[in-house]
2 protein chains.
Amino acid sequence: MPQPRQVLVVSDHTGITAENMARALLAHFPDEDLNYSLRPFIDTVAKARALAAELEAADTQAEKPLLFTTITVHEVLAELRRAPAVHFDLLSRSVQQLEEEFGRPAVRLPGRFHDMADQQGYLGRMEALDFALATDDGVGDKQYGLADVILVGVSRAGKTPTSLFLALQHGIRASNYPLAEDDFETEQLPRPLEPYRTKLFGLTIDPQRLHAIRTQRKAGSRYASLEQCEYEVHRAERLYQKWNIPVRDTTSSSVEEIASGILSYLR
Amino acid sequence: MPQPRQVLVVSDHTGITAENMARALLAHFPDEDLNYSLRPFIDTVAKARALAAELEAADTQAEKPLLFTTITVHEVLAELRRAPAVHFDLLSRSVQQLEEEFGRPAVRLPGRFHDMADQQGYLGRMEALDFALATDDGVGDKQYGLADVILVGVSRAGKTPTSLFLALQHGIRASNYPLAEDDFETEQLPRPLEPYRTKLFGLTIDPQRLHAIRTQRKAGSRYASLEQCEYEVHRAERLYQKWNIPVRDTTSSSVEEIASGILSYLR
């Protein structure tokens, strides 16, 4: 059997962006059999040299690894380029283009793209995360006045992952409130949500999918039954409609996609 | 006063990767005054044409916006290129290079880099998030047997954001356990951690920084006092040393960096 092709993602920092870029590129070649490995914090000439030597030692007649890098420090990059690999330099060309556009040289230091360089933004994200945790799943409703958005939906519609992601990634103060049977007796908004109608954002989901998710949790329970899932989703959707709450179907969306939709709405 | 330069990030999907790339590039030019805006889900010729027309209408004698895109569908990209902007095409060149390397054409469809394309990985991340929440802050210790890693540290050392990030981003089942005064009476490991010594990973933090963080939460409290912070950090570090627990200082690290360090350790 043929070996999967090695994909090396080399970064002078965490490598998260580099890995996402490499995956975005390679997603254009769905039939390739690939094996990713991440080499973060290659931020000195010595480390780059060691990595190149390691690849040299492992070099056989087989296909060379695909090496993706976001490093822009010339000396470090020069060492890496000696490695036996097919090189994909993800940043350098665009940095050059920007140098021309701005008419000034780039500051080429390792880890320029430091997540904490933007201290204010970083602290905002951490505060937003605290907030999301403190107002998860219907608790902490006294703090709803501080929320940027309050996600509503039935149990297991995707509220918690989405609110945590909005906080961690985007610094959005996202609370979430579960709609349960009690809330469906009338068609009124649940009491804690009433003052915050304009902050509500509804999540919905295909009842079949919800049934599958809940079955994984509590197989055979009334909670997981298809009837119950259909009932809850139906009533939740009626509530959204009646109160003019924007809504998004999470059935085949990732947390990133749902969050992105909510962000666009908020902006 | 000069206007900040407009930065447009255009994607046929959520645009998260594109935005991170644009920020990584522009971090090389720290003195530029920039104003980012994200245009996700530009996945049809019609949408691209509308965006180009919008930029055309807004076009003045002033500097053209910097337009970053990760779109690889030729027709969509061609429409975008008509827009009055300085264009940075982040993927196309590397996709071409990969076509040559693989000897086959790329599949150019909008949103190829779909977060849920990898269903298994996605479900794993969501399960890991459930797990991290269920074993956050010392609760759910009966499930520690299922954990990939158990973060330990004093209150506010960064355990919760790190465990949630490890789960959401990397699908790692990360629990976390707070070290508090009771745990420092002896130099034994807290009882719930004993069977899982090899899964422990310690977080530490500069006492001054901890004092500042805790003061924001409960100003003037014993909990926030510098003495208390010094005592707890000191005792926690002794515990790490005695029990040979790997440790990472979170004082000036972002969640992404801490998580990345833990990942490298786990691998």
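Trainee: Where does Asn244(B) lie?

Mentor: Helices (H or I, at least four residues) and strands (E, at least two) are DSSP runs, numbered from the N terminus. Asn244(B) sits in the loop between helix H8 (226-242) and strand E8 (247-249) of chain B. Phi of Asn244(B) is near 60°, a positive value in a residue other than glycine. In chain A, Asn244(A) is placed in the loop between helix H8 (226-242) and strand E8 (247-249), and has a positive phi of about 60° although it is not a glycine.

Trainee: On what basis are these values given?

Mentor: This is a predicted model, in which local features need pLDDT of at least 70 and side-chain atom pairs count only at pLDDT 80 or more, while totals for chains, interfaces and linings use all residues. Residues are numbered from 1 along each chain as its sequence is written, chains are lettered from A and ligands numbered from 1 in the order in which they are written, and side-chain values use heavy atoms, with hydrogens and water left out.

Trainee: Is Asn244(B) buried or exposed?

Mentor: Buried means under 20% relative accessible area, exposed over 50%, and partly exposed in between (1.4 Å probe, protein chains only). Asn244(B) has 66% relative accessibility and counts as exposed. Asn244(A) is also exposed, at 67%. Of the 267 residues of chain A, 51% count as buried.

Trainee: What area do chain A and chain B bury between them?

Mentor: The size of an interface is often given as the accessible area lost when the parts come together. Buried area here is that loss (1.4 Å probe), summed over both parts. Chain A and chain B bury about 6600 Å², 64% of it on carbon and sulfur atoms. In chain A, His28(A), Phe29(A) and Phe102(A) lose the most area to chain B, together 11% of what that side buries. With contact taken as heavy atoms within 4.5 Å, 74 residues from chain A and 74 residues from chain B take part.

Trainee: How many salt bridges cross the interface of chain A and chain B?

Mentor: A salt bridge is a side-chain nitrogen of Lys or Arg within 4 Å of a carboxyl oxygen of Asp or Glu. The rule finds ten across this interface. One of the salt bridges joins Glu256(A) to Arg125(B), with the closest N and O atoms 2.4 Å apart.

Methods. Buried area is the accessible area (1.4 Å probe) that two parts lose on being put together, summed over both.
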